[in-house]
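Hi there,

Here is the structure I promised to pass on. Have a look at it first, and then read my notes below.

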2 protein chains.
Amino acid sequence: MVGKQQYATVWAREAAEGARRAAQTAPAGLNRTQIVRAALEILDAEGLDSLSMRRLGTKLGVGATSLYWYVANKGELIDLAMDEVYGEVALPPAAGIGWREAAKVFAHSLHRTLLRHPWATRILGARPAMGPNAMDLSERAMALFEDAGFTGTDIDYALSTVMSFTLGLSVSEASWAETLKSSRMSDDEWMAQHTEALRTALAGRPRLAAIHAKLLAEDGPPARQARFDYGLDAILDGLAARLDARRQEPAHAEDVR
Amino acid sequence: MVGKQQYATVWAREAAEGARRAAQTAPAGLNRTQIVRAALEILDAEGLDSLSMRRLGTKLGVGATSLYWYVANKGELIDLAMDEVYGEVALPPAAGIGWREAAKVFAHSLHRTLLRHPWATRILGARPAMGPNAMDLSERAMALFEDAGFTGTDIDYALSTVMSFTLGLSVSEASWAETLKSSRMSDDEWMAQHTEALRTALAGRPRLAAIHAKLLAEDGPPARQARFDYGLDAILDGLAARLDARRQEPAHAEDVR
DNA sequence: GACGCCTCTCGAACACTGTGCGAGAGGTTT
DNA sequence: AAACCTCTCGCACAGTGTTCGAGAGGCGTC
């Protein structure tokens, strides 16, 4: 009937075809998991733009087109690599430490993971996360907020708030690292090149200039951490307030009805 | 001395060279602003991957390489287009409506603007925002939170919280639209292709499945709006609490010291 | 052993990308 | 008339993702 079905994501294709090829282990040959691992090494070391099929092939000592036996196209490869990243995120159960603390561990882990793989932030806006690791993470995250006392769609809404904030901050922070890496400049070269632009930019904008000066005083990574913690605490406060309000409403309201 | 300086961003180049070419109006010929406008039309209609220099050239009835007279490279073009997007975001002064309401208008406007240009979310993680419109937006945003009562680095931290949340949510939502557009599928085709994948994904994950069912009940855009509002309100509550706490501390604590 | 089949590799080729270079057209100034 | 500046663009190059079809090697069956 149809010549050859085109699938938009790996996950759709595998679900339809059955994941024969994924688990398969060729005795001496290639392996899908090791292809993805090699791709991750290139991505982490040199950035998204440096990953090409030919480059990945030579790294594995293999022709570029051989890779297409294990992966339908580059998009699938990137989706697989991305799901590996999601697999690195820690999310402890709320039991013992409480939901706020667990949410903090989750958010911090997600943040650090994304900064360890700055290219990943460029994928976030391009492909939906549907891999097994992403799904597992979702499941555990939903469990966390449900056990915390959120109900119905609020479970998702609360999780989305924490997660969107973390994603957004990571994306902003990583964008800097990504231009820098793709321009092949050092930190100082970039700064030197942009001081002039920054000076003219701050000239007519006093509030921005004032804040910028204050931010420069407390430098680098610790300041970024402070910003992250400030926002996260504020968010958790806001969510906790919603939780308390809900507890004081007439109980079992939906049971009566 | 140096043969030809390579600049990482337009803004650095223009600051160093002086923006001669930008304002210049060739009587009958091309124009940088109209190049950017045409690029925006392609980006909005067909997505980031469909913008190529040759395509843009033919759209303007001009050779592809002619564009390089007005723009150093494709990266600059995209930075310029991106700054245009920032220019569409509304941010009213707090005066009259109060800072919470103003922040809401800002966040909603940013959200809607990014969904109107889904490709833009892919740029967020790749290039820092340093254009004049982005800077103006920053200036006004800083003013908003400073006038609200935040001080010192808290001004930036509070703004970052609201902005990161909005960015992150927009990125997640747009990723869906971006795969869809690049796969040239209809909404329904995509759904049909992924029901199987979704079914197997939800099989071993009960919490996720439960929430998913609840989210399906209240469909589409209004639900997304509810999610956004829930998070934004929670965040503003958290920030407001910080503001009140600060007000009740011994005044002028840092003056005494 | 011979045959067919399945798994896997890969070279050649195609259509496309961003961009450097240098020639040249047209206009303005000297 | 000569020199210059602004602007356009064809050609070419190195690189991209991906298709196709040929072929190698191993395994099971007649």
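Between them, domain 1 of chain A and domain 2 of chain A bury about 1400 Å², with 57% of it on carbon and sulfur atoms. Buried area here is the accessible area (1.4 Å probe) that two parts lose on being put together, summed over both. On the domain 1 side of chain A, the residues that lose the most area to domain 2 are L48(A), M82(A) and D83(A), together 38% of what that side buries.

Before going on, some ground rules: this is a predicted model, where local features need pLDDT of at least 70 and side-chain atom pairs count only at pLDDT 80 or more, while totals for chains, interfaces and linings use all residues. Residues are numbered from 1 along each chain as its sequence is written, chains are lettered from A and ligands numbered from 1 in the order in which they are written, and side-chain values use heavy atoms, with hydrogens and water left out.

So where do the domains run? Domain 1 of chain A covers 10–84 and domain 2 covers 90–248; such bounds come from an automatic or database domain assignment. Each of these two domains of chain A gives 17 residues to the contact (heavy atoms within 4.5 Å). Their centres, taken over C-alpha atoms, are 29 Å apart.

**Salt bridges**

Side chains of opposite charge can pair when their charged atoms come close. A salt bridge is counted when a side-chain nitrogen of Lys or Arg is within 4 Å of a carboxyl oxygen of Asp or Glu. The structure holds 38 of them over all chains, and 2 are between domain 1 and domain 2 of chain A. In chain A, R127(A) and D79(A) pair up at 2.6 Å, N to O.

Chain B has a salt bridge between R127(B) and D79(B), again with 2.6 Å between the closest N and O atoms. This one links distant parts of the chain, 48 residues apart: R127(B) sits in the loop between α7 (120–124) and α8 (132–148), and D79(B) in helix α5 (residues 74–86). Helices are DSSP runs (H or I, at least four residues), numbered from the N terminus. Is D79(B) buried or exposed? D79(B) is buried, at 5% relative accessible area (buried means under 20%, exposed over 50%, partly exposed in between; 1.4 Å probe, protein chains only).

Back in chain A, a network of salt bridges links R13(A), E14(A), E17(A), R32(A) and E76(A).

Cheers

Terms used: Helix = DSSP H or I, 4+ residues; strand = E, 2+ residues; numbered from the N terminus.
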